[in-house]
There are 2 protein chains.
Amino acid sequence: MSIKPLSPHELRVWHAFKLMGEDVMARVGRDIAAATGLSGPDFGVLSRLAGCGKGEMRQQTLAESMGWDKSRLSHQLTRMQERELIERLEAEKRVVIVVLTRHGREKLEAARPIHAGSVRRNLLSRLSPEQIETIVRVSNILGEDDE
Amino acid sequence: MSIKPLSPHELRVWHAFKLMGEDVMARVGRDIAAATGLSGPDFGVLSRLAGCGKGEMRQQTLAESMGWDKSRLSHQLTRMQERELIERLEAEKRVVIVVLTRHGREKLEAARPIHAGSVRRNLLSRLSPEQIETIVRVSNILGEDDE
DNA sequence: ACACGGTGGTTGTCGTGTCAACCTATCCCT
DNA sequence: AGGGATAGGTTGACACGACAACCACCGTGT
């Protein structure tokens, strides 16, 4: 049962789709890194932590809320811990609480306006409201599990 | 001169945008890898090579045509060379020709239908023609250099 | 002749991500 | 009580990508 190869038009769509994500992400990431030394993932973790009241969260909850693999998060946290952006507290056995350090919070606050500016410049301000609307809808569709 | 933080709606758009690219790419990549052992980048390079008639191309041309950094391509080719997917021929001094090997071509042919199926399943068939149209247009807009 | 700049590639280093293996603790079943 | 299964985390190995340094070779200009 042979599958038809992608048509030229389908190929164009595929390449467009690939590019779209990649270079916007790269630009925003570079902006943040250049201004603060934080990487995209660093910023993501810090934001999520700060967004949750006291700036502390169970590691697993954190992983789920970012859609990350536990291993990925563990590696990332180890690196962030070395740079003193976060701390790990072992609450009970098998329960690790991730805590935003003072230094981490400062870095985050410094990065926030850069991030906001970059996202607007590289994404939001370039698109019409209808296009943005479509993006959100499409993202929801594509995020669903396999049918 | 303070910059306003991203509004909740802007944040939702940003997260949607981030997710969209990442997980479609991941799914297609996993499909190809599971079926053929090729990674996404591997497949990209092989396709590009095969798409150019005799399956050989100057390294620099290849880099440009994929929008890659020369260093990135060099690393990638070294890895692919070890797995005998491609060869490097030194034509003249300072000119390296990348050649698709027999084995590389076979792998590519095996991967093509998988790729086509996966792209359709994870992207094309889930969206309406208008949504696809918007994606392409948005990608062109976002791909432009800074204003 | 000689310095200089640009071009084409390679290399090393580091941060990142995925995958599989592993280690404990807990829960559940008989 | 014993024995899986499963949950929460860590670890190691490896692919990937960005960046900067480097090398070798060509031009040019003076």
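This is a predicted model: local features need pLDDT of at least 70, side-chain atom pairs count only at pLDDT 80 or more; totals for chains, interfaces and linings use all residues.
Residues are numbered from 1 along each chain as its sequence is written, and chains are lettered from A, with ligands numbered from 1, in the order in which they are written.

Chain B is superposed on chain A by a rotation of 180° with 0.1 Å of shift along its axis, at an RMSD of 0.2 Å (least-squares superposition on the C-alpha atoms of residues with pLDDT of at least 70 in both copies). This is the relation of a two-fold axis. Among the residues of chain B, B:G21 comes closest to that axis, its C-alpha lying at 2.6 Å.

Between the chains, 38 residues of chain B are in contact with 38 residues of chain A, contact meaning that the C-beta atoms, placed from the backbone, lie within 7 Å. On the chain B side, two or more residues each come from helix 1, helix 5 (102-122) and helix 6 (129-143) (helices are DSSP runs of H or I of at least four residues, numbered from the N terminus). Helix 1 of chain B supplies the largest share, 14 residues. By class, this side has 23 nonpolar, 7 polar and 8 charged residues, where Ala, Val, Leu, Ile, Met, Phe, Trp, Tyr, Cys and Pro count as nonpolar, Asp, Glu, Lys and Arg as charged, and the others, Gly among them, as polar.

Within the model, helix 1 of chain A packs on helix 6 of chain B at an angle of about 45°, with the axes 9 Å apart (axes are lines fitted to C-alpha atoms over the stretch in contact, and angles run from 0 to 180 degrees between N-to-C directions). The contact involves residues including A:F17 and A:M20 of helix 1 of chain A and B:I135 and B:L142 of helix 6 of chain B, and by class it has 11 nonpolar, 2 polar and 2 charged residues.

DNA strand C is surrounded by 25 residues, of which A:S39, A:S71, B:Q60, B:S71 and B:S74 are the closest (near means a C-beta atom, placed from the backbone, within 6 Å).

Note on methods
Two residues are in contact if their C-beta atoms, placed from the backbone, lie within 7 Å.
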